[in-house]
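Me: Hi! I have a structure open and would like to talk through a few spots in it. Could you take a look with me?

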Amino acid sequence: MNAKSFFSIQSRRDFLDHTLYGLGLGVLSHLMGIEGRTAADGPDALAPGKPHFAPRARNVIFLFQAGAPSQIDLFDPKPKLREWDGKALPESLTKELQLAFIKPTAKVLASRREFRPAGQSGIELSEWLPHTATIADDICLVRSVHGEAVNHHPGQSLLMTGSPLLGRPTVGSWVTYGLGSEARDLPGFVVLKTGSATQGSTGNWTNGFLPSNYQGVMLRSQGSPILHLTNPEGVSAGMQRRDLEMITELNREQIERTGDAEIASRIAAYELAFRMQASAPGLIDISDEPEWIREMYGLNAKETGAYGMTCLLARRLVEKGVRFVLNQHAQWDHHSNLEKGLSQKCRATDQGVAALVRDLKQRGLLDETLVIWAGEFGRTSLAEWRDPSDPSSIGRDHHADGFSVWLAGGGIRGGQVIGSTDELGLTVAEDPVHIHDLQATLLHCLGLDHERLTYRHAGRDHRLTDVGGRVVREMLA
């Protein structure tokens, strides 16, 4: 073929289209090859990967208490507050506080809760957490967590993505990006939900700029685990398989033409969905669980049943190799009616949380499963009183300058308290732990160096811990 006949069938735009797409595909293949993947092997994007160093944990269960539980009433006893109860604090103590709704002149609200030593470690916990008290020797309670975001949406984003800005990859996505998953018929990152909606919504499990393979997939604890999971009437598995093969072939042709990695993710999603049709329904069929397990999780009681079921499902998911389970419960946002609202949340969740840790431990899974209990921030030791005519309506405002989080299993040394806030619960007094430090420690337990787990986007390398973070060695076993 001479040049004249070539140009008669090949426009300049067509030539550039094929040349540049081919160049892009080559670059993409090279970059993905560095990570041990290729553009065409989307279904293997979640294959188990190699950690940076020997891990202690293999899986994570993140018990996210959305809305910000009050550490003052649950984890961080402050007897000094009783001396100030009902009084305003000096301006010198409150002028630096980050407050969302109340003013620094708000009056002190001492906790009405009794705190009791629990376990051999003697960790002091609220009377509203009797079941958590039974696992006190397994948990590492951090009373000195802090962050910059004082409102829910940016606070949840900071906890989950390392940034108060929306749209970044969440911790579950980073973990599955770094390590893949050992579950071949289930997503690597699964989301379970109870309670009302959260401010962060789907942003709490988004993949952000990471490939969509790493997005969290929400499973339901009742009915069909995933909406539209079953085939319509008259559509057999064989028919669906043939359709899927045809769609996959078309998608692969598109990958070869464009080099678009998201098409590989789409292929993987279709294939995973097909496999899940056989595996997912069995997740919520707990007929194989003995009655004493159901009772331990509180499944037979109306108040504890829903959350207990998600805790049991979390255990079943990590048993099947799911890498990251986000168990989200809302709302802990008690600006008013603190006594009634917080006590109800504790009654609904406390039994399931403790049952999960004990169940993992008795099955030999706790050593390799990192369990985290956290809200996006805590609550003030100052009162928020939206209806002064109703004494029972009193609550607490947002507080990000010093709150409590606990961890258990997966390389964490239990039976200890790390850090403290000052005697009035206003700010961190000893051993501050930033949210980025918490994230760095989580990744470390999984064998991932938070400074090396990066993804290039928009011209620079991004990571979960942004430009900060340190591993809190005191937490580690």
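Me: Is helix α8 buried or exposed?
Reply: Helix α8 (residues 171-179) is largely enclosed by the rest of the structure, because nine of its nine residues are buried. Buried means under 20% relative accessible area, exposed means over 50%, and partly exposed is in between, using a 1.4 Å probe and protein chains only. Helices here are DSSP runs of H or I with at least four residues, strands are runs of E with at least two, and both are numbered from the N terminus. Please keep in mind that this is a predicted model: local features need pLDDT of at least 70, side-chain atom pairs count only at pLDDT 80 or more, and totals for chains, interfaces and linings use all residues. Residues are numbered from 1 along each chain as its sequence is written, and side-chain values use heavy atoms, with hydrogens and water left out.

Me: What covers the buried residues of α8?
Reply: The cover includes helices α7 and α14, along with strands β5 (189-195), β7 (324-330), β16 (455-457) and β17 (460-462).

Me: And what follows α8?
Reply: That would be G180, which has a positive phi, near 65°.

Me: Let's go to α7 and α14. How do their axes cross?
Reply: The axes of α7 (residues 152-161) and α14 (residues 435-445) cross at roughly 30° and come within 9 Å. The two helices are therefore roughly parallel to each other; angles under 35 degrees count as roughly parallel, over 145 as roughly antiparallel, 65 to 115 as roughly perpendicular and the rest as oblique. Axes are lines fitted to C-alpha atoms, for helices over the stretch in contact, with angles from 0 to 180 degrees between N-to-C directions.

Me: Which residues meet there?
Reply: From α7, L158, L159, M160 and T161 meet I435, H436, L438 and Q439 of α14. Contact means heavy atoms within 4.5 Å.

Me: New topic: where is H450, and is it buried or exposed?
Reply: H450 is in the loop between α14 and β16, and it is buried, with a relative accessible area of 6%.

Me: Which side chains does the H450 side chain make polar contacts with?
Reply: The side chain of H450 makes a polar contact with that of R463 at 3.2 Å, and another with the side chain of T465 at 2.7 Å. A polar contact is a pair of N or O atoms within 3.5 Å; within protein, one must be able to donate a hydrogen and the other to accept it, and residues adjacent in sequence count only if both atoms are side-chain atoms.
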